[in-house]
Amino acid sequence: MSLVRALYCSACGSFGMLLLAGTALAQADITTGSIGTNSVETIPIDISAVDIDMSAVDSVDDCMVAQICIDRYLWSLYERTRKIDTIKVPEQTKVTVKRKGKTRIVTKTITKLVDEDFTWKDPKAAERAGMSPMDYVIGGMDPSFRVTLYHALRALDDVGLMPGITCVFRDDYRQTIATGLKAQSERSYHGGSFRGGYGHGLAADIVSVKGETRAERLASSDQLWTWIDTHEKELGIGRPYLDRDPPHVGPIDGEEYAAHRVKPNTQHAESKAKDHQRPRSARRSPRRAEYATC
Ligand SMILES: [Zn+2]
């Protein structure tokens, strides 16, 4: 029965349809149960007991199926997203300079922006943890956060923003091979050991997959992040670091969001103040891909 319903769910892809299907099947189960026990009419109290037990089993079953559907949807969004970061690579070059009339050759370090495909990172970390990539990436998240994230991403999908997921669970090892802005390995809300590790991840990095080119997808991601900022209360997720780490989202009732958005520390307030001195165009745009931290 579970398999049939799971398949049905993956076919329709709708949580609402799943619930309807679950209810219909639950009624079918109860009817079957009643028919089966009708022959023993002398013990009516047992019939109700059977009905209660079956509905209880059924709701647990539905709940598990719903979780499978949620996980599959999150995984499909992860799979459809290209895993490319722009990383900063220092490069040394020799340049000729003139000082006091003398020509000298000096070594200068310049920072180059290089595209990096990080598709290999999660499978490698999953293998190290002895899990399938889906169990590792999606299963490492806190179960209730998975539900919140699911509904938020569905809402973003419904308004045509085409959300995608680049990063979800990261254990301490995975955090060490992450690039860009990142917390200390064990302190990451993506699932560092200090935060509870596997099954307790409370962060995801989300972008938009809308657009043919990377520039178009970045513009779509920009729209998606702005939409999250204006609808975070309804969505239940928000961006704790705003444009300092644009794709990073977490529950708005979570510790990380509270630390950076509700009760910003002095350091953050200071950087905010500096930010206000910059021209608006420099503050808002572009939100560069190199901020991604996967
Ligand atoms: Zn993140």
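1. Strand β3 and strand β4 (residues 204-208) run antiparallel and are joined by four bridges, where strands (E, at least two residues) and helices (H or I, at least four) are DSSP runs numbered from the N terminus, and two strands pair if DSSP finds at least two bridges between them. Within this pairing, G164 has V207 of β4 as its bridge partner, and P163 stands opposite S208 in β4.

2. The model is a predicted one, in which local features need pLDDT of at least 70 and side-chain atom pairs count only at pLDDT 80 or more, whereas totals for chains, interfaces and linings use all residues. Residues are numbered from 1 along each chain as its sequence is written.

3. On its β6 side, β4 is joined by two bridges in an antiparallel arrangement, and A204 has V249 as its bridge partner in β6.

4. Taken as a whole, the sheet is open, with four strands in the order β3-β4-β6-β5 and antiparallel pairing. Its edge strands, β3 (163-167) and β5 (237-238), each pair on one side only. Helix α8 (residues 214-235) packs on this sheet, touching β3, β4, β5 and β6 (248-251), and its direction makes about 125° with that of β4; contact here requires C-beta atoms, placed from the backbone, to lie within 7 Å, while angles run from 0 to 180 degrees between N-to-C directions of lines fitted to C-alpha atoms, for helices over the stretch in contact.

5. Because five of the five residues of β4 are buried, this strand is largely enclosed by the rest of the structure (buried means that 20 or more other C-beta atoms, placed from the backbone, lie within 10 Å of a residue's own). A204, I206 and S208 point one way from β4, D205 and V207 the other way, and all are buried.

Conventions:
Two residues are in contact if their C-beta atoms, placed from the backbone, lie within 7 Å. A residue is buried if 20 or more other C-beta atoms lie within 10 Å of its own, exposed if 12 or fewer, and partly exposed in between; C-beta atoms are placed from the backbone.
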